[in-house]
Amino acid sequence: MAKKDSRTLVTLTCQECKKVTYRTPKNSDNTKEKLSLNKYCSNCRKVCEFKETKTK
């Protein structure tokens, strides 16, 4: 019997311009809190903080 997939696809949104530019998998079993990463935003043209938001 196959195991339940614990990886879910989350959307990352820039906190400065509020533009959605990244979608990444997250292991929901190990990481209960929201994901927050520093990534490059093509709209702001700099490295900004991206936080996990609800997928539509």
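View 1. The model is predicted, with local features needing pLDDT of at least 70 and side-chain atom pairs pLDDT 80 or more, while totals for chains, interfaces and linings use all residues. Residues are numbered from 1 along each chain as its sequence is written, and side-chain values use heavy atoms, without hydrogens and water. Lysine 18 sits in the loop that links strand 1 (7–14) to strand 2 (20–27); strands are DSSP runs of E with at least two residues, helices are runs of H or I with at least four, and both are numbered from the N terminus. The backbone here deserves a glance: phi of lysine 18 is near 60°, a positive value in a residue other than glycine.

**View 2. A patch of positive charge on the surface.** Which lysines gather in this patch? They are Lys18, Lys34, Lys51 and Lys54. Patch members have over 30% relative accessible area and no salt bridge, with like charges joined within 9 Å and nonpolar side chains (Val, Leu, Ile, Met, Phe, Trp, Tyr) within 5 Å. One of the four, Lys18, is the loop residue from the previous view.

**View 3. The protein as a whole: four strands and zero helices.** Let us step back for a moment. Starting at the N terminus, the elements follow the order β-β-β-β. The C-alpha trace spans about 45 × 20 × 15 Å along its principal axes. The radius of gyration is 13 Å, whereas a compact globule of 56 residues would have one near 10 Å (taken over C-alpha atoms, with the globule rule being 2.2 Å times the number of residues to the power 0.38). Of the 56 residues in the protein, 23% are buried.

**View 4. The salt bridge between glutamate 16 and lysine 46.** The count for the protein comes to two salt bridges (a side-chain nitrogen of Lys or Arg within 4 Å of a carboxyl oxygen of Asp or Glu). In this one, the side chains of glutamate 16 and lysine 46 meet at 3.1 Å, N to O. Glutamate 16 belongs to the loop between strand 1 and strand 2 and lysine 46 to strand 4, so the pair ties together parts that are 30 residues apart in sequence. Lysine 46 is partly exposed, as its relative accessible area is 40%.

**View 5. The salt bridge between glutamate 52 and lysine 26.** Here the side chains meet at 2.9 Å, again given N to O. Because glutamate 52 lies in strand 4 and lysine 26 in strand 2, this pair ties together parts that are 26 residues apart in sequence. Are these two residues buried or exposed? Both glutamate 52 and lysine 26 are buried.

**View 6. The loop between strand 3 and strand 4, with cysteine 44 and arginine 45.** This loop runs between strand 3 (36–41) and strand 4 (46–53). Arginine 45 is exposed, with a relative accessible area of 68%, and its phi is near 60°, a positive value in a residue other than glycine. Cysteine 44 is partly exposed, at a relative accessible area of 24%. Follow the C-alpha atom of cysteine 44 to that of cysteine 17: the two residues are 27 apart along the chain, and the atoms are separated by 7.0 Å.

View 7. Serine 36 is part of strand 3 and counts as partly exposed at 38% relative accessibility.

**View 8. Glutamine 15 and proline 25.** Glutamine 15 lies in the loop between strand 1 and strand 2 and is partly exposed, with a relative accessible area of 30%. How far apart are the C-alpha atoms of glutamine 15 and proline 25? They are separated by 19 Å, the residues being ten apart along the chain.

Notes:
Accessible areas come from the Shrake-Rupley method with a 1.4 Å probe; for residues, only the protein chains shown count as cover. Lys and Arg count as positive and Asp and Glu as negative; His and the chain ends are not counted. The place of a charge is taken as NZ of Lys, CZ of Arg, CG of Asp or CD of Glu. Buried means under 20% relative accessible area, exposed over 50%, partly exposed in between (1.4 Å probe, protein chains only).
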